[in-house]
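Here is a brisk report on one model. Read it alongside the sequence and the coordinates.

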Amino acid sequence: HLCKTLLFIYFLIFPFFIEFQLGWWANVMELGCLSLALLGVDAIATELENPFGDDLNDLDIYEKISGIEHEIMFFLNFTSDHR
């Protein structure tokens, strides 16, 4: 939450540091694009923070483990080193 708080403080302070000669529309569009980009990166970072979970967009760890087990068993059978 600290990152979002700092971003919102930055967005509140940002209009005081841009040149007013650029015009109102340029200043609003610049802040809008910047906020969209930075909040988008923050949303991506939040999703990547915990990739193994129960949500729909999370990685299925059990599928990965099963794949590794199948590969290990294949190589053990290939070398005839199984019991």
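Is aspartate 42 buried or exposed? Aspartate 42 is buried, with a relative accessible area of 10%. Buried means under 20% relative accessible area, exposed over 50%, and partly exposed in between (1.4 Å probe, protein chains only).

## Basis

This is a predicted model: local features need pLDDT of at least 70, side-chain atom pairs count only at pLDDT 80 or more, and totals for chains, interfaces and linings use all residues. Residues are numbered from 1 along each chain as its sequence is written, and side-chain values use heavy atoms, with hydrogens and water left out.

## Helix H2 and aspartate 42

Aspartate 42 sits in helix H2, residues 24–49. Helices are DSSP runs (H or I, at least four residues), numbered from the N terminus. H2 has 26 residues and reaches 37 Å from its first C-alpha to its last, close to the 38 Å expected at 1.5 Å a residue. That expected span is 1.5 Å times one less than the number of residues.

The buried residues of H2 are Asn27, Ser35 and Asp42. They pack against helix H1 (2–13). Leaving aside neighbours within four places in sequence, aspartate 42 is in contact (heavy atoms within 4.5 Å) with Cys3, Lys4 and Leu7.

## The salt bridge

The count comes to one salt bridge. The rule asks for a side-chain nitrogen of Lys or Arg within 4 Å of a carboxyl oxygen of Asp or Glu. Lysine 4 and aspartate 42 meet in a salt bridge through their side chains, at 3.9 Å, N to O. Lysine 4 lies in helix H1 and aspartate 42 in helix H2, so the pair ties together parts that are 38 residues apart in sequence. Lysine 4 is partly exposed, at 41% relative accessibility.

## Aromatic pairs

A search of the whole structure finds five aromatic pairs. The rings of tyrosine 10 and phenylalanine 11 have centres 6.0 Å apart and planes at 55°, so the pair is tilted. Tyrosine 10 also forms a tilted pair with phenylalanine 14: 5.7 Å centre to centre, 50° between the planes. Rings of Phe, Tyr and Trp (its six-membered ring) pair if their centres lie within 6.5 Å; planes under 30 degrees apart count as stacked, over 60 as edge-to-face and the rest as tilted.

Ring pairs link Phe8, Tyr10, Phe11 and Phe14 into a cluster. Tyrosine 10 is partly exposed at 38% relative accessibility. Phenylalanine 11 is buried at 10%, and phenylalanine 14 is buried at 12%.

Technical notes
Helix = DSSP H or I, 4+ residues; strand = E, 2+ residues; numbered from the N terminus.
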